[in-house]
Amino acid sequence: MLSVKDLSVMFQTRRGAVDAVRGVSFDVAKGEILGIVGESGSGKSVTSYALMRILDAGGMIKAGEATYSGVDLRRAAERDMRDIRGREISMIFQNPRAALNPIRKVGHQIEDVLRQHAQATRYDARGKAIAAMEAVRINDAQARFDAYPFELSGGMCQRIVCAIALACDPKLLIADEPTTGLDITTQKAVMDLVSGLIRERDMSSILITHDLGLAAQYCDRLLVMKDGLIVEQGDPAQIFGQPAHPYSRKLVDATPRAGASVRDLLPAEARSAEPRMLATDQPLVEVRNLTKTYAGKSGPVHAVRGISFTINRGQCVGLVGESGCGKSTISEMLVRLLDPTSGQIKFDGDDIAKTPARRFARDSRRADIQMVFQDATDSLNPRHTARQTIAEPLRRLARMRGNALTTRIEELAGLVGLPLSLLDRFPHQLSGGQKARVGIARAVALDPKFLILDEPTAALDVSIQAVVLNLLVDLRAKLGLSYLFVSHDLHVVRLLCDHVIVMKDGQIVEEGPARDVMADPKDPYTKSLIAAAPTPPERAGDTAPTQLETKNAQHLAVHDTRAS
Amino acid sequence: MSDITPADLPRQKGTLDHILYVLRANPVTLIAFGMFAFLILSALFGPALVPYDPLATNAGNALQPPSWAHWFGTDQIGRDVFSRVIVATRLDLTISVAAVAISFVVGSVLGCIAGYWGGWPDIILNRFLDTIMAFPLFVLAMGIVAALGNSVENIIYATAIINMPFYARLVRAEVNIRRDAGFVRAAKLAGSSDMRVLATQIFPNALPPMMVQVSLNLGWAILNAAGLSFIGLGVSPPTAEWGIMVAEGANFIVSGEWWLAVFPGLWLMFAVFTFNLLGDGLRDIVDPRKRT
């Protein structure tokens, strides 16, 4: 149905021409779901934009052919392309909130597409739009028709985007990272819905994602892309079981999965023995009946409702829950950026909740409690170089200056595996993984006792996530840190944590040793979280017990340079 | 891996290199900086270099058209127009730079307070700014000068007051969107007080849009000062100032002595044009993201 031959796309930039896609060929058959997997910068999104002819300014198709049911997509007139877009080929974009017009009712946005393609008239558009909303299983579509995007949850917005994309019964659906940024249960719901609709309507689809596990679960065939080239293609079971290309093997390794330890995420040659953790039973942080209530427009909003837990010295505790469960509020309160409504936070025996957050910046315990932020880009000042960023806590709290400061910064850069030559770069000149390292270096600069990790790998590619998670494991062993690891992904939490707390609606629904909670979840909510994670096909190597792997592990440094 | 190896990019260059790069990359910026340098040089050295004393009258040589001796001609009491135009640069630039500096500083401080803490200071400030902006700004400036008296300082204060709301609004918006940014929270974890976070982390990020505003405002402030002088509410004669010269020369256009008003007017236009062109270049220079 869609046939692409030797497609090359280049971008004209300030530093000359950049080849984003370098000769890609593939076909999509009728009724097939094709997965394109690759990390950021691999050219997977650009390929789809080129097919739709919606490349950014400066981008152009340099060579190759793309034919869709006999139409030459490369040479078709813009008028014809307008008819094809939405009508024949439609797209679901990554960020549903950005893809929807924020000041237009969602129902009208669906009507727009229908009327643009003459699928509805002014009189029956409303009814057809509501039917389209019902097709994507939106309950109470009549009422939701008049909602604005900001009134809907992320998952609901993505359903609206799907409704828009499917409204005109296209033959081919291109989904570009449709679930990135959504909660894991929402991801499952949206993916099940989309793949169900595709099968039902006998459509074809291209699913673009960085998550190999997700692609393997929903696609009939996978393409693995790297640097604008297809390095491997085949059916998911084969790519997972017997990856032929070293890059696909690395991606397969880096995908968190049942039974794998954190070291298993690294390529085989970079694995070293996992360091021994010295978790004690002396409590370091004791949280007692912590609550946080915000004054909302319609009455008080209870973000956190009476939570108690303990983190021992050297322990890593995972805090898991979906967005809105109060886990970020808890981490903000523990790190003393936010004052609790009531309750105690005992750190080393003292109640630190007594010191208001405003004055805690000058408190003597400030250096002991630090945090690694979720979004590495957002947490670095765009006007400060990496060196200035790491220097900030050292200057302010340790009063370091001159040579001592320089030495310490370089020591920290070595510790987190950041090449010294990158220290004088600004954040926009660093990659995602490098920015994460700068953020970690800043957090451990003052030798804290307690580190809060707020989804530190959420914005990273899987292979970088693997490296950063291993770095965190090494740092914990080396510096004797205690972690609170906040995440929505139980499979990532399991890799790092000894103890897991599962939260829902501001309350703890289940807690216990990580192994037990994962193996035998008691609460239905925990069960649904575990079930929602993508289940990639079994790997040949993974069936072997992990003890065997540790025994055979080679003692190689984990601070691999490939991530830098 | 998708990361870039160190060898791929040249090492971070200094600020001077960056300025040179911006000038080279954009010819308009280069021209604007050349014009700006000319204005600065006229302001600094003009009074020492001009051929005639701008205040010396010579009744026998009045209203002469442009010639080799008097490039821009002479006025109704025989003063050399060229000397007066060049000498006036210093006064006009001083007024606009001082006025913009005052509104920049006051507007930034007010905008930071309102944007960072919000609450009632924010509400009060916003209503106060609305009040100022509700007046026709030139009329407000006229009122201020009329009330305080004709002097250079009062022109500066009046110009500063009518420009201030724009800076306060801009800074407030820029501070507000960064108030809860990750790097701000990280700075607090590093032991920085609110004041320090505001001054070292948030405010510098507002500089790029501020620079565009500054350069547009410099031109606008010159026009404003000249306008006040033109209607007799500014600098008083016989001081050389573009606005007064245009005002005085306007009387003679009808009788054919066009050069009295045209040359100071041209210079005024040149200065405003320079500042308008300067904006984008200044923004590129203070924005680290342009350093690739």
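Me: How are α7(B) and α8(B) oriented to each other?

Reply: Two packed helices are described by the angle between their axes and the distance between the axes. In this predicted model, helix α7 (residues 182–189) of chain B and helix α8 (residues 194–202) of chain B pack at about 135°, and their axes are 10 Å apart. The two helices are therefore oblique to each other. Angles under 35 degrees count as roughly parallel, over 145 as roughly antiparallel, 65 to 115 as roughly perpendicular and the rest as oblique. An axis is a line fitted to C-alpha atoms, for helices over the stretch in contact, and angles run from 0 to 180 degrees between N-to-C directions. Helices (H or I, at least four residues) and strands (E, at least two) are DSSP runs, numbered from the N terminus.

Me: In which hand does α7(B) cross α8(B), and which residues make the contact?

Reply: The crossing of α7(B) past α8(B) is right-handed. A crossing is left-handed if the near helix is turned anticlockwise from the far one by less than a right angle, and right-handed if clockwise. On the α7(B) side the contact is made by F183(B), V184(B), A187(B) and K188(B), and on the α8(B) side by D194(B), V197(B), Q201(B) and I202(B). Contact means heavy atoms within 4.5 Å. Sorted by class, the contact of α7(B) with α8(B) has 5 nonpolar, 1 polar and 2 charged residues. Here Ala, Val, Leu, Ile, Met, Phe, Trp, Tyr, Cys and Pro count as nonpolar, Asp, Glu, Lys and Arg as charged, and the others, Gly among them, as polar.

Me: At what angle do α3(B) and α8(B) cross?

Reply: Helix α3 (residues 81–117) of chain B and α8(B) cross at roughly 110°, and their axes come within 12 Å. That makes α3(B) roughly perpendicular to α8(B). α3(B) passes α8(B) in a right-handed crossing. C112(B), Y116(B) and W117(B) of α3(B) meet D194(B), M195(B), V197(B), L198(B) and I202(B) of α8(B). The contact of α3(B) with α8(B) divides into 7 nonpolar, no polar and 1 charged residues.

Me: How many helices and strands does chain B have?

Reply: Chain B has 11 helices and 0 strands. The C-alpha trace of chain B spans about 80 × 50 × 30 Å along its principal axes.

Me: Now chain A. What is the strand order in the open sheet of 4 strands?

Reply: The order is β2-β1-β4-β5 (chain A), with antiparallel pairing. Two strands pair if DSSP finds at least two bridges between them. The edge strands, β2 (16–28) and β5 (71–72) of chain A, each pair on one side only. Strand β1 (residues 2–13) and strand β4 (residues 59–68) of chain A are joined in the antiparallel sense over 8 bridges, and L2(A) has Y68(A) as its bridge partner in β4(A). Helix α1 (residues 44–52) of chain A lies across β1, β2 and β4 of chain A and runs at about 105° to β1(A).

Me: What is the pairing in the open sheet of 6 strands?

Reply: The pairing is mixed, and the order is β6-β7-β8-β3-β9-β10 (chain A). At the edges are β6 (89–92) and β10 (229–234) of chain A, each pairing on one side only. The twist averages 20° from one strand to the next. β6(A) and strand β7 (residues 172–176) of chain A pair in the parallel sense over 4 bridges, and I89(A) stands opposite L172(A) in β7(A). Helix α8 (residues 184–201) of chain A lies across β3 (33–37), β7 and β8 (204–209) of chain A, at about 140° to β3(A).

Me: Where is the positive phi in the hairpin of β14(A) and β15(A)?

Reply: D348(A) takes a positive phi near 55° in this hairpin, which has 2 residues between the strands. β14(A) and strand β15 (residues 350–351) of chain A run antiparallel and are joined by 2 bridges, with F347(A) opposite D350(A).

Me: How should I read the numbering and the limits of the model?

Reply: Residues are numbered from 1 along each chain as its sequence is written, while chains are lettered from A and ligands numbered from 1 in the order in which they are written. In this predicted model local features need pLDDT of at least 70, side-chain atom pairs count only at pLDDT 80 or more, and totals for chains, interfaces and linings use all residues; side-chain values use heavy atoms, with hydrogens and water left out.
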